[in-house]
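Hi everyone, thanks for coming. Let me put the sequence and the model up on the screen, and then I'll walk you through a few things.

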Amino acid sequence: NATTYAVQSTLSTVSDGDFRCEDGLLYKGDMNLSEDQTFLDSFRENTNVDVTIFYGDTRMATSIKDESGNRVIGTTIDGSVYDKIATDGSYFTSNIEVQGIPYFGYYEVIAESDGKKIIIFTGMESVSVKEIYTGTMTSSIISMIVIAIISCTLMAVVIMKIVKAIIAVIHNLDDVASGNLNNSVSTRLVS
């Protein structure tokens, strides 16, 4: 949701006006999104998230490129996925392929033009998501181990002080039991 909102905000600052399709090209206001996709590329560079704008079920603007470096334009959303998006207004999947590459992706309807839904896809390659997840998990595990070691060390220090105090009390009691009443008691044990 947040990424889609960021894309929508970027689109609003790039050009005012409504979406429309003319001669097979997608416009927002006066801006031809099909030809000028630099904002999608800069969004991709800054976030590592790919962005596609669909007109109906057809990909009209995208940051996704094929092996030759050409934009993947004109492809369509799978029919069952499109039906879910059209019905619910949005759809998340952890298993979608774009050009044979697995993605985690989120689709959201952001507008309607001439009876066609304008849909934004924001997605990240599954490999990148798994790397982020693995890195986060590794950091969390290391942090928990460090906290556990520090906690155990502190507990050992506290327990040693308590044991030392108990031993001192026992020595004092032994002295009293053997008739030595002139024994001085440490102020630490009395306070």
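Let's start with Asp 50, which forms a salt bridge with Arg 44. The closest N and O atoms of this pair are 2.8 Å apart. By salt bridge I mean a side-chain nitrogen of Lys or Arg within 4 Å of a carboxyl oxygen of Asp or Glu. Side chains of opposite charge can pair when their charged atoms come close.

Before I go on, please keep in mind that this is a predicted model, where local features need pLDDT of at least 70 and side-chain atom pairs count only at pLDDT 80 or more, while totals for chains, interfaces and linings use all residues. Residues are numbered from 1 along each chain as its sequence is written, and side-chain values use heavy atoms, with hydrogens and water left out.

How many salt bridges does a search of the whole structure find? The search finds four. Another one of them joins Arg 20 and Glu 22, with the closest N and O atoms 2.6 Å apart. Arg 20 is partly exposed at 26%, and Glu 22 is partly exposed at 34%. Then there is Glu 112, which meets Lys 117 at 3.4 Å, N to O. Glu 112 is exposed, with a relative accessible area of 52%.

Staying with charge, the chain carries 13 positive and 24 negative side chains, counting Lys and Arg as positive and Asp and Glu as negative, without His or the chain ends. The centres of the two sets lie 10 Å apart, with each charge placed at NZ of Lys, CZ of Arg, CG of Asp or CD of Glu.

Now, let's zoom out. The chain has five helices and eight strands; these are DSSP runs, with helices being H or I of at least four residues and strands being E of at least two, numbered from the N terminus. From the N terminus on, the order is α-β-β-β-α-β-β-α-β-β-β-α-α.

As for overall dimensions, the C-alpha atoms fill a box of roughly 110 × 35 × 30 Å along the principal axes. And of the 191 residues, 30% count as buried.

Note on methods. Buried means under 20% relative accessible area, exposed over 50%, partly exposed in between (1.4 Å probe, protein chains only).
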